[in-house]
Amino acid sequence: MSYTPEMEKGMQQTHKMCYAEYERKLENRIAVEKRRQKEYEQCKHMVAEIDSHIHN
């Protein structure tokens, strides 16, 4: 996969590091992926909550 300038900008804005730094250190990758997983779980919970309100 080629890394685009838009992807670099998103990495900088969201995770405060460049892609090269993310790729270079395992600790950085782990931290970023943990944050992504946490955000995914929060969004999933929010969608389930909204869905339950809609169907009541």
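This is a predicted model: local features need pLDDT of at least 70, side-chain atom pairs count only at pLDDT 80 or more; totals for chains, interfaces and linings use all residues.
Q: Which residues are linked into a cluster by ring pairs?
A: The structure holds two aromatic pairs. The rings of tyrosine 3 and tyrosine 19 have centres 3.8 Å apart, and those of tyrosine 19 and tyrosine 22 have centres 5.6 Å apart. Tyrosine 19 takes part in both pairs, and the cluster linked by ring pairs is Tyr3, Tyr19 and Tyr22.

Q: Is the pair of tyrosine 3 and tyrosine 19 stacked or edge-to-face?
A: A pair of aromatic rings is described by the distance of the centres and the angle of the planes. Planes under 30 degrees apart count as stacked. The planes of tyrosine 3 and tyrosine 19 are at 25°, so the pair is stacked.

Q: How many residues apart in sequence are the parts that tyrosine 3 and tyrosine 19 tie together?
A: The rings of tyrosine 3 and tyrosine 19 form a stacked pair. Tyrosine 3 lies in the segment before helix 1, whereas tyrosine 19 is in helix 2 (residues 19-24). The pair therefore ties together parts whose separation in sequence is 16 residues.

Q: What is the class of the ring pair formed by tyrosine 19 and tyrosine 22?
A: Tyrosine 19 and tyrosine 22 both lie in helix 2, three residues apart, about one turn of the helix. Planes under 30 degrees apart count as stacked and those over 60 as edge-to-face, with the rest tilted. The planes of tyrosine 19 and tyrosine 22 are at 35°, so the pair is tilted.

Q: Which tyrosine is buried, with a relative accessible area of 11%?
A: Buried means under 20% relative accessible area. Tyrosine 3 has 28% relative accessibility and so counts as partly exposed. Tyrosine 19, at 23%, also counts as partly exposed. The buried residue at 11% is tyrosine 22.

Q: How many disulfides does the count come to?
A: A disulfide needs a pair of cysteine sulfur atoms within 2.5 Å. Cysteine 18 is partly exposed at 23% relative accessibility, and cysteine 43 is partly exposed at 37%. The count of disulfides comes to zero.

Q: Which residue forms a salt bridge with glutamate 33?
A: The salt bridges in this model number two. With the closest N and O atoms 2.8 Å apart, the partner is arginine 36.

Q: How far apart are the closest N and O atoms of glutamate 41 and lysine 44?
A: Glutamate 41 and lysine 44 are three residues apart in helix 3, so about one helical turn separates them. Glutamate 41 is partly exposed at 35%, and lysine 44 is partly exposed at 45%. A salt bridge requires these atoms within 4 Å, and here the distance is 3.8 Å.

Q: Is histidine 15 buried or exposed?
A: Histidine 15 is found in helix 1 (residues 5-15). Leaving aside neighbours within four places in sequence, histidine 15 is in contact with Gly10, Val32, Arg35 and Arg36. The relative accessible area of histidine 15 is 9%, under the 20% cut-off, so histidine 15 is buried.

Q: What separates the C-alpha atoms of histidine 53 and methionine 7?
A: Histidine 53 lies in helix 3 and counts as exposed at 59% relative accessibility. Histidine 53 and methionine 7 are 46 residues apart along the chain. Their C-alpha atoms are separated by 35 Å.

Q: What is the area of the nonpolar surface patch?
A: Met46, Ile50 and Ile54 make up the patch. Methionine 46 is found in helix 3 (residues 26-54) and counts as partly exposed at 47% relative accessibility. The area of the patch is about 310 Å².

Q: Which residue other than glycine has a positive phi near 60°?
A: Most residues other than glycine have a negative phi. The residue asked for is found in the loop between helix 1 and helix 2 and counts as exposed at 65% relative accessibility. The residue with this positive phi is lysine 16.

Key
Residues are numbered from 1 along each chain as its sequence is written. Side-chain values use heavy atoms; hydrogens and water are left out. Patches are made of residues with over 30% relative accessible area and no salt bridge: like charges are joined within 9 Å, nonpolar side chains (Val, Leu, Ile, Met, Phe, Trp, Tyr) within 5 Å. Accessible areas come from the Shrake-Rupley method with a 1.4 Å probe; for residues, only the protein chains shown count as cover. A salt bridge is a side-chain nitrogen of Lys or Arg within 4 Å of a carboxyl oxygen of Asp or Glu. Helices (H or I, at least four residues) and strands (E, at least two) are DSSP runs, numbered from the N terminus. Buried means under 20% relative accessible area, exposed over 50%, partly exposed in between (1.4 Å probe, protein chains only). Contact means heavy atoms within 4.5 Å. Rings of Phe, Tyr and Trp (its six-membered ring) pair if their centres lie within 6.5 Å; planes under 30 degrees apart count as stacked, over 60 as edge-to-face and the rest as tilted.
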